[in-house]
Amino acid sequence: MTPPASLIAFRYGFGLPLAQGAALTPGDMLAALTGPDLMANRYPIVTQSWLSARAQSLTQAKKRMKTDPAGQADFDAIAAEVKAATDAALRATLARAIDTADGFRERLVAFWADHFTVAAFGQENGASS
């Protein structure tokens, strides 16, 4: 017996309402995973390489601030760009979860993103957490 759609929506996705065409059986959910990620095209997020490049630019601007007063303006501009991209990524992530007919994929994305997230504390002074 297939569980009711509301149970499926919360257990395997991000809740109600289910998007039109949402998979309601385990087989359909797994089959949807083999197809393309349609939400990635609809709600794009900046890439890790883009973020890494901006992080390096921030580090360089921070070093320049010690010797060049213009370094603060560079740092502020890059930091604002990163903040805007981070905010846009958060909105896109939420939109993907809400708008997708493939809620199980987005649930898996959230799980693995959390699973592999590492927070580095104490890098500035060499301390470890």
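**Helix packing and salt bridges in an all-helical model**

Lys-83 and Asp-87 stand four residues apart in helix H5, a separation of about one helical turn, helices being DSSP runs of H or I with at least four residues, strands runs of E with at least two, and both being numbered from the N terminus. The structure is a predicted model, in which local features need pLDDT of at least 70 and side-chain atom pairs count only at pLDDT 80 or more, whereas totals for chains, interfaces and linings use all residues. Residues are numbered from 1 along each chain as its sequence is written, and side-chain values use heavy atoms, with hydrogens and water left out.

The protein contains six helices and zero strands, and its elements, read from the N terminus, follow the order α-α-α-α-α-α. Of its 129 residues, 18% are buried, where buried means under 20% relative accessible area, exposed over 50% and partly exposed in between, computed with a 1.4 Å probe on protein chains only.

Side chains of opposite charge can pair when their charged atoms come close. A search of the whole structure returns five salt bridges, each defined by a side-chain nitrogen of Lys or Arg within 4 Å of a carboxyl oxygen of Asp or Glu. One of the five links Arg-42 to Asp-99, with a distance of 2.8 Å from N to O. Arg-42 belongs to helix H3 (residues 38–42) and Asp-99 to helix H5 (residues 70–99), so this pair ties together parts that lie 57 residues apart in sequence. Asp-99 is partly exposed, its relative accessible area being 30%. Helix H5 also carries both partners of the pair named at the outset, for Lys-83 and Asp-87 are four residues apart in that helix, and their closest N and O atoms, 3.0 Å apart, form a salt bridge. Asp-87 is likewise assigned to the partly exposed class, at a relative accessible area of 28%.

A further salt bridge joins Asp-102 to Arg-105, with the closest N and O atoms 2.7 Å apart. Asp-102 counts as buried at 14% relative accessibility, and Arg-105 counts as buried at 12%. Asp-102 is placed in the loop between H5 and helix H6 (103–115), and, once residues up to four places away in sequence are set aside, Asp-102 touches Ala-32 and Leu-33.

Two packed helices are described by the angle between their axes and the distance between the axes. Here the axes are lines fitted to C-alpha atoms, for helices over the stretch in contact, and the angles run from 0 to 180 degrees between N-to-C directions. Helix H4 (residues 48–65) packs with H5 at an angle of about 155°, the two axes being 8 Å apart. H4 is therefore roughly antiparallel to H5, given that angles under 35 degrees count as roughly parallel, over 145 as roughly antiparallel, 65 to 115 as roughly perpendicular and the rest as oblique. The contact draws on Trp-50, Arg-54, Ser-57, Leu-58, Ala-61, Lys-62, Arg-64 and Met-65 from H4, and on Gly-71, Gln-72, Asp-74, Phe-75, Ile-78, Ala-79, Glu-81, Val-82 and Ala-85 from H5. By class, the residues of this contact between H4 and H5 comprise nine nonpolar, three polar and five charged, with Ala, Val, Leu, Ile, Met, Phe, Trp, Tyr, Cys and Pro taken as nonpolar, Asp, Glu, Lys and Arg as charged, and the others, Gly among them, as polar.

For H1 and H6, the axes come within 8 Å and cross at roughly 25°, which makes H1 roughly parallel to H6. In this contact, Phe-10, Arg-11 and Tyr-12 of H1 meet Gly-103, Phe-104 and Arg-107 of H6, a set that divides into three nonpolar, one polar and two charged residues.

Two local features complete the description. Ala-97, located in helix H5, is buried with a relative accessible area of 16%, and, leaving aside neighbours within four places in sequence, Ala-97 is in contact with Phe-14 and Glu-106. Ala-97 and Ala-110 are 13 residues apart in sequence, with a C-alpha to C-alpha distance of 9.3 Å. Finally, the peptide bond joining Leu-16 and Pro-17 is cis, with omega about -5°, and Pro-17 is found in the loop between helix H1 (5–12) and helix H2 (26–33).

How values were computed: Contact means heavy atoms within 4.5 Å.
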